[in-house]
Amino acid sequence: MSRTFERGSPIFEDERPLTDDWDPEELPERDEELGQIHNALAPAIRNTGVGPHNMFLFGKTGQGKTAGVEYKLEDLVAAADDAGLNITTSQYNCAGDSSSYHVLINLVERLTGENLNGHPMSKITDAFFDAVTDIGGTVIIVLDEIDNIGTSDEILYSIPRAKSNGNIPDDMHLSVIGISNNFKFRDNLSPKVKDTLFDEEIHFAPYDANQLRSILERRADQAFKEGVLEGDVIPLCAAHAAQDKGSARQALRYLYKAGELASNTGSDVVTEEHVRTAQERIDRKNIEKGIREMTMQDQLSLTAVVALEVESQNPAKTTELYARYKDIATEIKADIRTQRSVRDHLLELDLMGVVNATKKQTGNRGGPHYVFELGSDLGMTLDILSEDSRLGDAIDLITTNRSIEEYLD
Ligand SMILES: Nc1ncnc2c1ncn2[C@@H]1O[C@H](COP(=O)(O)OP(=O)(O)OP(=O)(O)O)[C@@H](O)[C@H]1O
Ligand SMILES: [Mg+2]
């Protein structure tokens, strides 16, 4: 029988607080980081000759970097209105841009409506500074997810140097806030950029289970009807997200999905079982998406980690993983890369969260090295890798004596 669509819900009061684009009214778990942002922005309102400091915010995904900056900039703009100061902020997400050139083209288009694609960099940079000069006063440009520009990081150098290079008048201020969840990008920034931008480096450490719990509780209070959440629902979502990346976004997804499962099955309470099902579905989807988007070499490096995980030999050093990687690559007739390249692939996988890399200091031989282990669920990862036509054979070999089902709990 076909179901009818119904208005209202016995579960949800308002679903918006469970979505990613909801602006939290407060972020008490980030008091310290917000305080640092505050101090860096404060010169803009003091108005005693210097502008806000440039900042670089970094930390893993879902840590409130974007939400935190948005929150403080709203405060700043309100304070500027009260003080009668001309402060303009522009929050730009670089997700679709692969270089400083593209970012500048889009910033110019946003500020002037003119698209300068195809023009030389110098013309676009001039147009950008002209647009900023027209605005005047204090201008703050937020470049979110800035890691997308890779090594083409000139913009992070040119904005902070704008005044000393004579690109904007002396009586105005221009500053930049870079945000990234990619630690490698931060480490690989050119020395010139590090020099100018790293005065204020603000680190957002991953949330622990308690912090995630209080974040979820505040949002759940607004989102759910009173009394529909069974006691352990929020602690379970928080604990599972904390074990993974400590991401508030992920914790919220578990909670929202659990609520939807309850709603879709006509239940008028959200149970721990709903949370478990929600977690499983979301985790599986994440790993599937991650693995599908990987290069063949990433997949091979991951298969090596999985092989050692099956044999309980992790955490393993690069040399150990490299030996296994070569066997697997030979087995499926794939290109064999250098050990260094495989290590870089493993570090990429760490960024995606499928593998965990830990830096170790070697005592006698000096110099740091990494050890790796699987970051995602073993059974799920085996299952997904085995669906690949080429890697499937390698996975069969890895699990020769046991079926994948035995690893799936
Ligand atoms: N302390 C907090 N209180 C309430 N909500 C929070 C808090 N921290 C994060 N959130 C929420 O979690 C989600 C993810 O936060 P945000 O988008 O700011 O993460 P991010 O650090 O920018 O991650 P990414 O690197 O992936 O862009 C958002 O919905 C945000 O509102
Ligand atoms: Mg963000």
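How many bridges pair strand 7 with strand 8, and in which sense? In this predicted model, strand 7 and strand 8 (residues 368–374) pair in the antiparallel sense over seven bridges.

- Three strands make up an open, antiparallel sheet, ordered 6-8-7.
- Strand 6 (316–317) and strand 7 (355–361) are the edge strands; each has a single partner strand, so one side of each has no neighbour in the sheet.
- Helix 13 (residues 296–310) packs on the sheet and touches strand 6, strand 7 and strand 8. The direction of helix 13 makes about 75° with that of strand 8.
- A357 stands opposite F372 in strand 8.

**Nonpolar cores**
- The largest nonpolar core has 36 residues. L300, L302, V306 and L321 have the most contacts inside it.
- Among the elements that each supply at least two residues of this core are helix 14 (318–331), helix 15 (339–352), strand 8 and helix 17 (391–398).
- Helix 13 gives the most to this core, with eight residues.
- Leaving aside residues up to four places away in sequence, V306 touches L374, L378, T381, L382 and L385.
- Another core, of 32 residues, lies apart from the largest one. It includes F58, V103, I155 and I168.
- In soluble globular proteins, nonpolar side chains tend to be buried together.

**Helix 12**
- The 22 residues of helix 12 should span 32 Å at 1.5 Å a residue, and the end C-alpha atoms are 32 Å apart, which agrees.
- Buried residues of helix 12 include H274, V275, A278, Q279, I282 and D283.
- Their cover includes helix 10 (233–244), helix 11 (248–264), helix 13, helix 15 and helix 16.

**Salt bridges**
- The structure holds 16 salt bridges.
- R218 and E26 meet through their side chains at 3.9 Å, N to O. R218 lies in helix 9 (residues 209–223) and E26 in the segment before helix 1 (31–41), so the pair ties together parts 192 residues apart in sequence.
- R218 is partly exposed at 23% relative accessible area, and E26 is partly exposed at 41%.
- R284 forms a salt bridge with D383, with the closest N and O atoms 3.2 Å apart. R284 is in helix 12 and D383 in helix 16, so this pair ties together parts 99 residues apart in sequence.
- R284 is partly exposed at 23%, whereas D383 counts as buried at 18%.
- Salt bridges with shared partners join R284, E288, D383 and E387 into one network.
- R186 forms a salt bridge with D187, the closest N and O atoms being 3.4 Å apart. R186 counts as buried at 17%, while D187 is partly exposed at 45%.

Technical notes. Residues are numbered from 1 along each chain as its sequence is written. Chains are lettered from A and ligands numbered from 1 in the order in which they are written. This is a predicted model: local features need pLDDT of at least 70, side-chain atom pairs count only at pLDDT 80 or more; totals for chains, interfaces and linings use all residues. Side-chain values use heavy atoms; hydrogens and water are left out. Two strands pair if DSSP finds at least two bridges between them. Helices (H or I, at least four residues) and strands (E, at least two) are DSSP runs, numbered from the N terminus. Contact means heavy atoms within 4.5 Å. Axes are lines fitted to C-alpha atoms, for helices over the stretch in contact, and angles run from 0 to 180 degrees between N-to-C directions. A nonpolar core is a set of buried Ala, Val, Leu, Ile, Met, Phe, Trp, Tyr and Cys residues joined through side-chain atoms within 4.5 Å. Buried means under 20% relative accessible area, exposed over 50%, partly exposed in between (1.4 Å probe, protein chains only). The expected span of a helix is 1.5 Å times one less than its number of residues. A salt bridge is a side-chain nitrogen of Lys or Arg within 4 Å of a carboxyl oxygen of Asp or Glu.
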